[in-house]
Amino acid sequence: MKKLLKNNNGAAIVTVVFIIAVVFLLCVALINFNDSHTKNVLLSGQIEDALQIAEAGYNHFMSYLYMDSEFYKSSEGISNPGPAGEELGFVPIDTDSAGYHVYKIITYRSGNNIIGHYQVRVKPPSVNEDLTLISTGWTDQDPEIKKSVKVKLHKRSFTEYVDFTQSSGTGNNTVYWTTDNVAYGPVFCNGDIFVKGFPIFMDNVYTAGKVVEESGEAKILGKKYENVEPAMFPVTNSEIKNWAENGGIYLEGRTCIFIDGTKLYIRNNHEEYKDELLERDLPKTGVVYVKGKVFISGILDGKLTVYATDDIYITGKNPTEKNGWNNPRNATMTGSITVDGYNYNIGIGYQNTNIPLDRNATGSNYSDDMLGLISEKNIIIATKTWPYDNLQGYRSNHNYNNVMVPEMIIYGAVMSTGGQFMVEDFDKAPVKGRLSVYGSKIQNSSRGAVGTFDERTFRIISGYNKQDRFDYRFKTMSPPHFVEPANSGWEIRSWEEIPNPKIIQ
């Protein structure tokens with residue numbers, strides 16, 4: 001029989017074609033992979049570049065905050081035209097539906113080269129909410145690729161505590177927290193906090209030293225932080241003088257101020273004014289600077305900071321009534337208000353007293369009235385010193401009952417950069433009830449005394465009992481151009497990427 005020979009040529013051709021096809025497909029896949037990888041690398045690079053430009057945006061805005069911590073409040077901003085006329089500064093152009101102030105698009109340059117652009121929007125701080133900033137960046141090469149970051153910024157301040165002290169004193173000058181002392185807000189001390197009796201702290205307690213309980217026990221409803229970093233007082237406060245001389249009010253000599261809403265009534269004994277009654281609107285910069293003593297009282301409708309190089313006396317009567325200078329008994333009472341069941345006489349009040357007093361408070365529908373009092377010496381509750389028409393402009397030997405008022409209340413942030421907040425003759429003055437500060441007290445010394453107490457019963461025997469209530473707006477806000485700690489600075493509390501908001505031209 002003949003053997004048949006198999007012809008494998010067809011199978012070989014199919015195999016070769018299959019191998020070629022596989023190689024071709026692999027090549028195509030490799031080319032597509034390389035192309036896709038290249039595109040992904042390029043896209044990733046542009047996304048990274050857009051993110052870096054967005055970060056450059058918020059860092060740029062922070063540089064303006066370092067120069068002026070209240071820059072975010074400016075309705076005009078700062079324009080800085082670039083070489084080609086593009087904007088390099090921050091100029092507000094709109095407010096979006098979320099309450100953010102939107103700034104003009106800024107060009108991001110490297111030398112003569114335009115790298116990209118960013119738009120910054122800022123939401124001012126509200127109660128218990130830090131300053132919020134959103135920055136959206138994109139490259140000049142691909143403006144369709146955008147990245148946005150949201151950061152929350154906090155600036156350390158003196159006013160973020162209901163009671164700030166440098167120390168509690170030493171030896172016979174030690175000032176104690178004692179029974180019936182209630183701090184409704186965070187407390188800070190650069191030294192030790194001393195306790196005798198049973199004071200109550202309704203919020204956190206911060207001390208660069210320790211809480212020393214000599215007798216009794218402190219009831220702390222918040223958290224206790226010991227050995228924290230001190231907050232340092234600045235060497236000079238010359239900046240606030242500049243704000244007074246440029247858009248504010250600058251005076252020399254003993255000055256009496258009565259705040260009546262948006263008006264200030266002033267008597268200044270400098271030879272230029274000779275104690276004539278002056279009427280002024282609240283100054284544009286919100287700053288009054290006095291080289292001398294100040295007597296002050298009234299009810300504020302707006303924002304104001306009063307700075308004095310000497311003592312500031314807070315009174316419960318109108319210190320500008322010249323016919324009451326010889327006998328303060330005849331001076332008109334500032335006013336009265338009922339708070340928490342107490343009928344207070346007003347030392348300093350707000351027209352709108354709706355302020356947040358709870359540490360969990362949020363929102364922004366509160367009073368926009370805000371006062372700051374800063375003395376290079378002491379903040380004093382007047383008990384015997386009163387304005388007078390003489391060379392010095394005051395007398396310090398009046399009858400206590402003619403000057404003092406019972407149950408006094410003060411709204412605002414009161415700061416003594418070189419002394420204490422105190423009641424004049426606290427150990428001799430008759431008992432007048434309760435003294436309440438609704439805001440913040442800052443003392444570059446130990447806590448000043450407002451009265452004396454019996455160490456057996458811990459009950460008041462002279463002067464005032466005290467109560468401190470914190471205005472929680474001060475956690476993130478301060479009165480106009482208020483003095484800041486020397487080691488203060490803006491810090492980032494949080495950082496996150498977010499979806500891109502709409503760019504506004």
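Here, buried means under 20% relative accessible area. Welcome to a set of close-up views of a predicted model.

Figure 1. Tyr 176 sits in the loop that runs from strand S7 (163–167) to strand S8 (182–184), while Phe 194 belongs to strand S10 (residues 193–197), so the pair ties together parts that are 18 residues apart in sequence. With a relative accessibility of 14%, Phe 194 falls under the 20% limit and therefore counts as buried. Tyr 176, at 19%, is also under that limit, so this residue is buried.

**Figure 2. Tyr 350 and Tyr 411 form a tilted aromatic pair.** The two tyrosine rings, Tyr 350 and Tyr 411, are 5.2 Å apart from centre to centre, and their planes make an angle of 45 degrees. What parts of the chain does the pair of Tyr 350 and Tyr 411 link? Tyr 350 comes from strand S25 (residues 342–350) and Tyr 411 from strand S30 (residues 408–416), distant parts of the chain with the two residues 61 residues apart. Tyr 350 is buried at a relative accessible area of 4%, and Tyr 411 is buried too, at 3%.

**Figure 3. A cluster of aromatic rings is joined through ring pairs.** Look here for Phe 158, Tyr 161, Phe 164, Phe 188, Tyr 206, Tyr 225 and Phe 233, which ring pairs link into a cluster.

**Figure 4. Two arginines lie over tyrosine faces.** Arg 469 is placed over the face of Tyr 184, at 4.2 Å from the ring centre. In the other example, Arg 395 lies over the face of Tyr 388, at 5.1 Å from the ring centre.

**Figure 5. Lys 466 is a buried lysine in a strand.** Lys 466 is part of strand S34 (residues 460–470). Is Lys 466 buried or exposed? Its relative accessible area is 7%, so Lys 466 is buried. The side chain of Lys 466 makes a polar contact with the side chain of Asp 468, at 2.9 Å. Setting aside residues up to four places away in sequence, Lys 466 touches Trp 177, Asp 180, Asn 181, Val 182, Leu 435, Lys 441, Arg 447 and Val 450.

Figure 6. Asp 427 is partly exposed, with a relative accessibility of 43%. Beyond its neighbours within four places in sequence, Asp 427 is in contact with Thr 452 and Ser 462. For a sense of scale, Asp 427 and Ile 259 are 30 Å apart in space, C-alpha to C-alpha, and 168 residues apart in sequence.

**Figure 7. Asn 128 and Asp 340 each have a positive phi.** Asn 128 has a phi of about 60 degrees and is found in the loop between strand S4 (113–123) and strand S5 (131–139). Asn 128 is partly exposed, at a relative accessible area of 25%. Asp 340 has a phi of about 55 degrees, and its place is in the loop between strand S24 (336–339) and S25. At 53% relative accessibility, Asp 340 counts as exposed.

**Figure 8. Ser 74 reaches a backbone nitrogen from its loop.** Ser 74 is located in the loop between helix H1 (9–67) and strand S1 (92–95). The side chain of Ser 74 comes to 3.3 Å from the backbone nitrogen of Glu 76. Ser 74 and Pro 92 are 18 residues apart along the chain, with 8.5 Å between their C-alpha atoms. Ser 74 is partly exposed, with a relative accessible area of 27%.

**Figure 9. Cys 189 and Cys 256 are buried.** Cys 189 has a relative accessibility of 1%, and Cys 256 has one of 0%. How many disulfides does the structure hold? The count is 0.

**Figure 10. Residues 37–41 have pLDDT under 50.** In this stretch, residues 37–41, the model has 0 contacts beyond four places in sequence. Where pLDDT is low, the predicted coordinates should not be read in detail. For the chain, the average pLDDT is 89, and 91% of the residues score at least 70.

Conventions. Residues numbered from 1 in each chain as written. Predicted model: local features only at pLDDT ≥ 70, side-chain atom pairs only at ≥ 80, totals over all residues. Heavy atoms only, no water. Helix = DSSP H or I, 4+ residues; strand = E, 2+ residues; numbered from the N terminus. Buried < 20%, exposed > 50% of the residue type's maximum accessible area, 1.4 Å probe, protein only. Polar contact = N/O pair within 3.5 Å; in protein donor to acceptor, adjacent residues only side chain to side chain. Contact = heavy atoms within 4.5 Å. Phe/Tyr/Trp six-rings, centres within 6.5 Å; stacked < 30°, edge-to-face > 60°. Lys NZ or Arg CZ within 6 Å of the ring centre and 35° of its normal. pLDDT = per-residue confidence, 0-100. Disulfide = S-S within 2.5 Å.
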